[in-house]
Amino acid sequence: MMQQRTVYDVCIVGSGAGGGMAAYALTQAGANVIMLEAGGPWDNTSDDSAMLRPNYSSPRRGGSTPDRPFGEFDACIGGWNIEGEPYTRADGTRFDWWRARMVGGRTNHWGRISLRFGPDDFRRKSLDGLGDDWPIGYDDIGPYYDRLDRLIGIFGSREGLPNDPDGIFQPAPKPRCYELLVKKACNDLAITCIPGRLSILTEPLNGRAACHYCGHCNRGCQTNSNFSSTNVLIAPALETGRLTLRTHAMAREVTLDSAGRASGVSFIDANTGVDEHVQARVVILAASALESTRILMNSKSSQFPDGLANTSGMLGKYLTDTTGSDVAGFIPAMENHIPHNERGVQGGHVYMPWWLDNSKLDFPRGYHIEVWGGLGEPGAGFMGGIHRYPPGGGYGVDLKKQYRQYYGTTVGFSGRGEMIPNEQSYAELDPEVKDRFGIPVLRFHWQWSDHEINQVRHMQETFRAIIEHMGGTVFSPMPTRENGYGIATGGRIIHELGGARMGDDPSTSVLNGWCQAHDVANLFAVDGAPFVSQADKNPTWTIMALAWRASDYIMEQRTQGRI
């Protein structure tokens, strides 16, 4: 094993939302940091970005590739299956794991929907008796949401909703034509519909330009108008001269010294296959919820035979993913639509936060609704096939006429809801299968409960009611209970959380409220692993708020000589 001579203040594993945030905060505070990233380099401002490349310029018309499942121009390299890096599932389990392999991780292509958890989201067990409360509350994390708003930028509107806290918003883009129709229908049906909240600039901020509405946010924004860890957090961290970025570095395990403290991280150079070790006074795992969990499980020693920081036995337990289900329909009012007011960001200009009282429903917690449709750039498979539209099909001039008549008449809804953590959803090391680096892989166990199934049924009924109220026709029949009312496979929404949850009790949690391991004082995890529960909000803003808060705590503890 090759031993690095430098002893860094902090070693961060992973460069996505949590890792990038920690690198930014720690280097700004004066720490000497090394970051290990399993994938390769990336820079939105260079030729890495395909922001200005039209779909028609490719024979594939922008279609997916094995390492870019969301389209060949997507900025994120990875996928559901990575060659040489498998994972396994227990019998009867349906779970898919999406991973990124590049600097910035998933922040390079995500939807930028940036929602704060609300006060109730941190105390759900106290409210309905299910799951567990967090050891922290909204007042602990609220100031860090404010910092994110000021540093990164977010658009939205102040609504005063009790569990969907307002932020420090830039002006939101105006709704597009189809979104105005959706909003009108929602108003009639008493469904709350408000401007979207996305971390995309509509006004210049901190040297970054406002969005020019090309609509290619997922391709790597060359003007940095949208948020990615790569260019908004890691780039300024590198400019301090205090961040060493090591790419193609696959973390194997966290090492310990004779006192049982984290001493660094062993990793494998993915290009050469050479084993190396980096020394650090503090180790932060931010490799994604499940990858960080795997590293901890693989860091076995005589002191921690079941995995590092796992005296509670909770490592890998209580995994969650956002529930998801989609419905789309044909809206005759949009036929022969004359394009106007169609520009904007890639993503909805409106969304619907959870608006109902669960005491009157047959499921706990809630979901928000994302809206899609309009006249976006055509690509591979656009419109889902002309045969779905009346009269549907034909040749020559008539076919061209139909495409012009029906283009933009589809409106769709995606539900994103809260899963209740359960004991049947967890990960463990597979006893037999290893990846190409010789590291044991994760084996998943997964189970939805009636809570989630009933919630998704409500999603389906709601989406269909909106489409029908718009005078439209739903494309697909109502799914049945036997197929979970169309609930997405676990992992498919790519919001997997938990695995090293935080708590006040070391016997039932892995980390404390500062994302610090109960068992090892100089070990932290700042990705989705510490989450106690899911909420119906996309988790990225909370991951970064927790990471910034933990970084401040690390610097404070270092100053006081405690770690």
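Predicted model: local features only at pLDDT ≥ 70, side-chain atom pairs only at ≥ 80, totals over all residues.

Reply: Residues are numbered from 1 along each chain as its sequence is written, and side-chain values use heavy atoms, with hydrogens and water left out.

Me: At what angle do α3 and α9 pack?

Reply: Two packed helices are described by the angle between their axes and the distance between the axes. Helices are DSSP runs (H or I, at least four residues), numbered from the N terminus. Axes are lines fitted to C-alpha atoms over the stretch in contact, with angles from 0 to 180 degrees between N-to-C directions. Here α3 (138-152) and α9 (540-559) pack at about 105 degrees, their axes 9 Å apart. The two are therefore roughly perpendicular (65 to 115 degrees).

Me: Which residues of α3 and α9 meet?

Reply: Contact means heavy atoms within 4.5 Å. Among those that meet are Tyr-144 and Leu-148 in α3, and Trp-541 and Leu-546 in α9.

Me: Which residues of α3 are buried?

Reply: Buried means under 20% relative accessible area (1.4 Å probe, protein chains only). In α3 the buried residues include Tyr-138, Ile-141, Gly-142 and Tyr-145. The buried residues of α3 pack against α1 (17-28), α5 (229-239) and α9.

Me: What follows α3?

Reply: Gly-153 comes after α3, and its phi is positive, near 95 degrees.

Definitions and conventions:
Parallel < 35°, antiparallel > 145°, perpendicular 65-115°, else oblique. Buried < 20%, exposed > 50% of the residue type's maximum accessible area, 1.4 Å probe, protein only.
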